[in-house]
Amino acid sequence: MVVQVKSSAHHSSKTMEGSQQKVEANILLLGAENVGKSALTVRFLTRRFIGEYGDMESVYSHSDRIDGREICFNIWDSLYPQNCATPGYVSEEQLQWADGFILVYSICDRASFQVVRQLVQRIRQARKGAERAAPVVVVGNKRDLQHRRAVSGEEGRLLALAADCGFFEISAAEAYHGVLAVFHALLELIRRARALKKGAGLRGIVRSVSAVFGRRRTE
Ligand SMILES: Nc1nc2c(ncn2[C@@H]2O[C@H](COP(=O)(O)OP(=O)(O)OP(=O)(O)O)[C@@H](O)[C@H]2O)c(=O)[nH]1
């Protein structure tokens with residue numbers, strides 16, 4: 001697989017959490033064709049919506065200062081394989097690379113929602129037995145197209161809740177702030193997962209999702 005690196009930033013070294021060193025987060029965007037993965041990525045990187053994005057698979061690096069700390073986002077804007085025979089396909093390389101996942105569907109496209117459902121299962125299965133569940137945020141994009149809605153907000157929310165994922169409905173076309181919230185929420189989940197890595201396991205990441213998304217759980 002050919003992946004373009006769109007900046008000079010390093011992609012391999014993960015710096016230490018808990019110090020003032022730069023924090024690096026590898027974020028993988030997955031989802032069916034045409035759901036707006038590139039639109040989300042470009043919105044986050046440039047604050048702009050440009051309309052047409054081509055079909056290049058790319059990794060971008062983007063540094064930002066959040067809460068006084070420098071964060072380097074490495075963002076892999078993937079292409080879903082055409083005529084894919086494996087539902088919810090994610091390559092081993094992608095699973096190994098990613099610290100966190102943004103799974104995108106279009107609220108106008110029920111088939112794309114099913115792809116996200118399969119992707120959630122695949123990611124959860126792949127990390128089964130790992131000491132922590134992978135941080136995942138599910139995104140219903142194209143919220144501006146209400147008249148063409150095919151997936152309710154409730155369905156998206158339930159899917160995310162059932163799999164302990166974050167959830168947002170946004171419009172990459174209309175606004176920057178929803179896109180920013182998606183990346184920042186995933187970063188927070190990644191940071192908490194790293195902090196909990198030693199010992200807390202799945203219970204810890206479930207609590208993290210609850211904390212970041214304000215969900216109350218009975219134990
Ligand atoms: N109305 C509307 N259109 C959007 C939105 N986000 C993306 N689009 C449009 O949807 C189309 C597909 O967007 P892309 O970002 O290329 O989607 P993608 O998931 O990267 O597509 P692939 O490259 O095929 O995987 C483009 O025409 C975008 O302009 C949105 O929030 N609202």
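Which residues in α3 are buried? They are Ser 112, Phe 113, Val 115, Val 116, Leu 119, Val 120 and Ile 123. Seen down the axis of α3, these buried residues fall within an arc of 155°, so they line one face of the helix. The model is predicted.

**Helix α3**
- Helix α3 covers residues 110-126, and its 17 residues should span 24 Å at 1.5 Å a residue. The end C-alpha atoms are 24 Å apart, which agrees.
- Ala 111 and Gln 125 are exposed on the other side of α3.
- The cover over the buried residues of α3 includes β2 (23-30), β5 (100-106), β6 (136-141) and α4 (153-162).

**Nonpolar core**
- The largest nonpolar core has 57 residues. Ile 102, Leu 103, Val 137, Val 138, Val 182 and Leu 186 touch the most other members.
- Helix α5 (residues 177-196) gives the most to this core, with nine residues.
- In soluble globular proteins, nonpolar side chains tend to be buried together.

**Helix α5**
- α5 has 20 residues and reaches 28 Å from its first C-alpha to its last, close to the 28 Å expected.
- Its buried residues include Val 182, Phe 183 and Leu 186.
- Beyond its neighbours within four places in sequence, Leu 186 is in contact with Ile 27, Gly 100, Ile 102, Pro 135, Val 137 and Gly 166.

**Ligand shell**
- The ligand is surrounded by 21 residues. The closest are Gly 36, Lys 37, Ser 38, Ala 39 and Ala 173.
- Helix α1 (residues 37-46) gives the most to this shell, with three residues.
- By class, the shell has eight nonpolar, seven polar and six charged residues.

Terms used: Residues are numbered from 1 along each chain as its sequence is written. This is a predicted model: local features need pLDDT of at least 70, side-chain atom pairs count only at pLDDT 80 or more; totals for chains, interfaces and linings use all residues. A residue is near a molecule or strand if its C-beta atom, placed from the backbone, lies within 6 Å of it. Helices (H or I, at least four residues) and strands (E, at least two) are DSSP runs, numbered from the N terminus. Ala, Val, Leu, Ile, Met, Phe, Trp, Tyr, Cys and Pro count as nonpolar, Asp, Glu, Lys and Arg as charged, and the others, Gly among them, as polar. A nonpolar core is a set of buried Ala, Val, Leu, Ile, Met, Phe, Trp, Tyr and Cys residues joined through C-beta atoms within 7 Å. A residue is buried if 20 or more other C-beta atoms lie within 10 Å of its own, exposed if 12 or fewer, and partly exposed in between; C-beta atoms are placed from the backbone. Two residues are in contact if their C-beta atoms, placed from the backbone, lie within 7 Å. The expected span of a helix is 1.5 Å times one less than its number of residues. The arc is that of the directions from the helix axis to the C-beta atoms.
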